[in-house]
Amino acid sequence: MISYLQIENLTKTYGERVLFKDISFSVGKEQKVALIAKNGSGKTSLMNILAGSDVSDSGSVVFRKDIEIGYLEQEPVLNDNFTVIEQVFTSSHAVVKAVKEYEAAIQLHDDKILQNAAEQMDRLGAWDYELKIKQILDKLKISDLERPVKELSGGQKKRLALANALINEPDFLMMDEPTNHLDYEMIEWLEEYFAKSKITLLLVTHDRYFLDRVCDVIIEMADNQIYTYYGNYAHYLSKRRERIELFNAEIERAKNLYRREADWMNRMPQARATKAKSRIDNFYKVKEKAGRKLENQEMELEIQTRRLGNKILELEHISKSYGDRVLIKDFSYKFTKNEKIGIFGKNAVGKTTFLNVITEAISADSGTIEKGETVVYGYYTQSGIKLEEDKRVIDVIKDVAEVIETGSGKTLSASQFLDYFLFPPETHYNMVSKLSGGEKRRLYLMTILMKNPNFLILDEPTNDLDIITLNVLEDYLIQFQGCLLIVSHDRYFTDRVVDNLLIFEGDGEIRNFPGNYSAYNDELQARKKEEKRNEEKSEKTAIEKPKIKDSSKMSYKEKKEFEELETHIQNLIKEKHEIEKLLISGTCPINEYSEKSKRLSELAELIDEKEFRWLELSEKNV
């Protein structure tokens, strides 16, 4: 296999903190590789080193010289002085530049400039590429091309950066959490896009369905080492479990051996002197191995839940709009005990607004909200992380509670609670500013759960959390005894946790669906297939010959006209389809655009006229 990337003995530290040490791996042509590690293990730092925006302490990074490299950062840096279209076409790629000039020429309405741009498109064979660009922009819902980049939200900027990365078509694309800020339709389209593409990928993602459907190699960073698994996510889970069981068995054997050897070492110095020096040296090696921590000692969340009364939350005829934009329209719902509801829908259809309305962070335009007296919200918001950067990690927890009660009746100190959430003791007195983005989210989640809520509301809780934390959080939420309301584009997470969906269909319409994401997706795909069948059937019917009825009641002249109409209508429809295809393809000569467009309008009128006459004649037979 041709190597596109070779990493040898790479090390990166921040002060006394070792992110990774002497790691080595390679990425071959057309491989799609996922990088997995706990938050704070240095995934983003490694990606930045590979992209050249950070440097390692030691080791080497070697890319194949003749390849184009792209990098989608977790928090992309765009040019605020650009418009969206200018940012989209930020590339030295000749074809991209040609498409950019063609799009600009269209806006100028200058036939000469447009013709020159079109000829350049012809020379480079760029028409198919233009269609591909328009498809990417459409799928990622990037439509206002003249809007300044500085006016975009964080999610819009991420989608714009993703579009730019795909449009530039690098040979090797690195991506850090590419599915953040994408709705489920966009994610599924991206999965299909990469499945068909021969592009080489190296990505960091917590989206396990995306990982499973896109990647064929998984590289795990753990304990300053690299473990490579060839296969999908399911294969990785199986092999990782085997590796951990073997590793833990070796540690247990080392502990047993250490106890025996320690007993020997504690005897009189004379006894040790009679033994070979190699046994003494081996003792220290065994001691080091026995002192290593067992792996997979992950947190088991068992935080206490307050009692819920019979009345929980009742919504009656709730509506909410912003100007002409209707987000919630006349929605009613009564929440019951132990409900686990997922909220699904495209971006910007009102999901977060809905959460803010029911928690009364913002007011509804109409309707009533009645909350039970025993309800205690735990609200994890997308923008809710407001941790003080100059505060120590342990103090963030102590500010909420010095002692935390668990569901089993036990109590945990702030320090034990941090251990519980995979913050090792050496990080407890670190400043919050030293934490990675994922670690900050995990700390914020802790502050929500430790307040013992009985109605949990989680708005995109999976963004930036590592897969290990997600697995444990899922296990906790499955056992959670209160009400649960989740907005998440993580389909794997939703599948495991929820048993009911509220589907935001747009224009304020909210549909209750009994089932998880997979069940809803099955229904969605079945509906799409049915729509496609109906569309194909309609097209076939339009092109088919009109059925000739018995024309015995027509005059001779009318019979002849009726028969000629059938052929004429078919020819008109055929011509119309050919012109539509030509205009869409982008291969129509500039000087013929106006003529073809005019002819298309004429054809539509002629077809209507001829079909009406055909129906008129056919009715004479009824």
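The model is predicted, so local features need pLDDT of at least 70 and side-chain atom pairs count only at pLDDT 80 or more, while totals for chains, interfaces and linings use all residues. Residues are numbered from 1 along each chain as its sequence is written, and side-chain values use heavy atoms, with hydrogens and water left out.

**Exercise 1. Describe the open sheet of 3 strands.**

Step 1: Begin with the names. Helices (H or I, at least four residues) and strands (E, at least two) are DSSP runs, numbered from the N terminus. Two strands pair if DSSP finds at least two bridges between them.

Step 2: Write down the order, which is S2-S1-S4 with antiparallel pairing. The edges are S2 (17-28) and S4 (58-63), each pairing on one side only.

Step 3: Follow S1 (residues 3-14) to its partners. S1 pairs with S2 over 8 bridges in the antiparallel sense; Lys12 stands opposite Phe20, and Tyr14 stands opposite Arg17. These two strands form a hairpin with 2 residues between them, and Gly15 in the turn has a positive phi of about 65°. S1 and S4 share 5 bridges, also antiparallel, with Gln6 partnered by Val62 in S4.

**Exercise 2. Work out how helices H3 and H5 pack.**

Step 1: Take the geometry. H3 (residues 94-108) and H5 (residues 127-139) pack at an angle of about 75°, with axes 10 Å apart. That makes H3 roughly perpendicular to H5, a label used for angles of 65 to 115 degrees (under 35 is roughly parallel, over 145 roughly antiparallel, and the rest oblique).

Step 2: List the contacts, meaning heavy atoms within 4.5 Å. Val95, Val96, Val99, Tyr102 and Glu103 in H3 meet Trp127, Tyr129, Glu130, Ile133 and Lys134 in H5.

Step 3: Sort them by class. The contact has 7 nonpolar, no polar and 3 charged residues. Ala, Val, Leu, Ile, Met, Phe, Trp, Tyr, Cys and Pro count as nonpolar, Asp, Glu, Lys and Arg as charged, and the others, Gly among them, as polar.

**Exercise 3. Describe the second largest pocket and its lining.**

Step 1: On a 1 Å grid over the protein atoms alone, a pocket is an open set of points where a 1.4 Å probe fits, with protein on both sides within 12 Å along at least five of seven lines; lining residues have an atom within 4 Å of a point.

Step 2: Describe the lining. It has 34 residues, and Ser153, Gln156, Arg159, Asn347 and Ala348 lie nearest the centre. H6 (154-167), S11 (325-335) and H12 (351-358) each give two or more residues; H6 has the largest share, 5 residues. By class there are 10 nonpolar, 14 polar and 10 charged residues.

Methods
Axes fitted to C-alpha atoms, helices over the stretch in contact; angles between N-to-C directions.
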